[in-house]
Amino acid sequence: MRSVSTLAAVALTRKAVDTSWRYVTGNEPPSDPEDPDLTWKEAVTWALASGMGIAIARLLATRQAAKLWQRWTGELPPSK
């Protein structure tokens, strides 16, 4: 259950980060942050924005999944 909710959250977050990047910069998000034509500022900003967005979405999804599991079973989900 956690895997499905995490994948969904990551997909939605990636879309949101891409859309936000377009809105803020007016450019398409970097397809390859390692591209030497990309400035360091853009590469680092993209890495921070996408990394933080996905990490937060994953945390929210797994916490919500654990909450639902606990509500349904009365116990915390089994650890990995």
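Rings of Phe, Tyr and Trp (its six-membered ring) are taken as a pair if their centres lie within 6.5 Å; planes under 30 degrees apart count as stacked, over 60 as edge-to-face and the rest as tilted. A search of the whole structure with this rule finds one aromatic pair. Trp21 and Trp46 form that pair, which is edge-to-face, with 5.3 Å centre to centre and 85 degrees between the planes. Trp21 lies in helix H1 (residues 2–25) and Trp46 in helix H2, so the pair ties together parts that are 25 residues apart in sequence. Helices (H or I, at least four residues) are DSSP runs, numbered from the N terminus.

The model is predicted: local features need pLDDT of at least 70, side-chain atom pairs count only at pLDDT 80 or more, and totals for chains, interfaces and linings use all residues. Residues are numbered from 1 along each chain as its sequence is written, and side-chain values use heavy atoms, with hydrogens and water left out.

Burial was assigned from relative accessible area: buried means under 20%, exposed over 50%, and partly exposed in between (1.4 Å probe, protein chains only). Trp46 counts as buried at 4%.Helix H2 has 34 residues. From its first C-alpha to its last, H2 reaches 49 Å, close to the 50 Å expected at 1.5 Å a residue. The expected span is 1.5 Å times one less than the number of residues in the helix. The buried residues of H2 are Ala43, Trp46, Ser50, Gly53, Ala57, Ala61, Thr62, Ala65 and Ala66. Gly74 follows H2, and its phi is positive, near 85 degrees.

Thr13 lies in helix H1. Its relative accessibility is 14%, so Thr13 counts as buried. Leaving aside neighbours within four places in sequence, Thr13 is in contact (heavy atoms within 4.5 Å) with Gly53, Ile54 and Ala57. Of these, Gly53 and Ala57 are listed among the buried residues of H2. Thr13 and Ile56 are 9.0 Å apart in space, C-alpha to C-alpha, and 43 residues apart in sequence. Gly51 is in helix H2 and is partly exposed, at 36% relative accessible area.

A salt bridge is a side-chain nitrogen of Lys or Arg within 4 Å of a carboxyl oxygen of Asp or Glu. By this rule the count comes to two. One joins Asp18 to Arg14, with the closest N and O atoms 3.4 Å apart. Asp18 and Arg14 both lie in helix H1, four residues apart, about one turn of the helix. An α-helix has 3.6 residues a turn, so residues three or four places apart point the same way. Asp18 counts as buried, at 15% relative accessibility, while Arg14 is partly exposed, at 39%. The other salt bridge joins Arg22 to Glu28, where the closest N and O atoms are 3.0 Å apart. Arg22 is partly exposed, with a relative accessible area of 34%. Glu28 is exposed, at 55%.

Surface patches were also identified. Patches are made of residues with over 30% relative accessible area and no salt bridge; like charges are joined within 9 Å, and nonpolar side chains (Val, Leu, Ile, Met, Phe, Trp, Tyr) within 5 Å. Accessible areas come from the Shrake-Rupley method with a 1.4 Å probe; for residues, only the protein chains shown count as cover. Trp40, Val44, Leu48, Met52, Ile56 and Leu60 form a nonpolar patch on the surface. Together they have about 710 Å² of accessible area. Val44 is found in helix H2 (residues 40–73) and is partly exposed, at 41% relative accessible area. Met52 is also found in H2. Met52 is exposed, with a relative accessible area of 53%. The C-alpha atoms of Met52 and Asp32 are separated by 18 Å, at 20 residues apart along the chain.

How values were computed: Helices (H or I, at least four residues) and strands (E, at least two) are DSSP runs, numbered from the N terminus.
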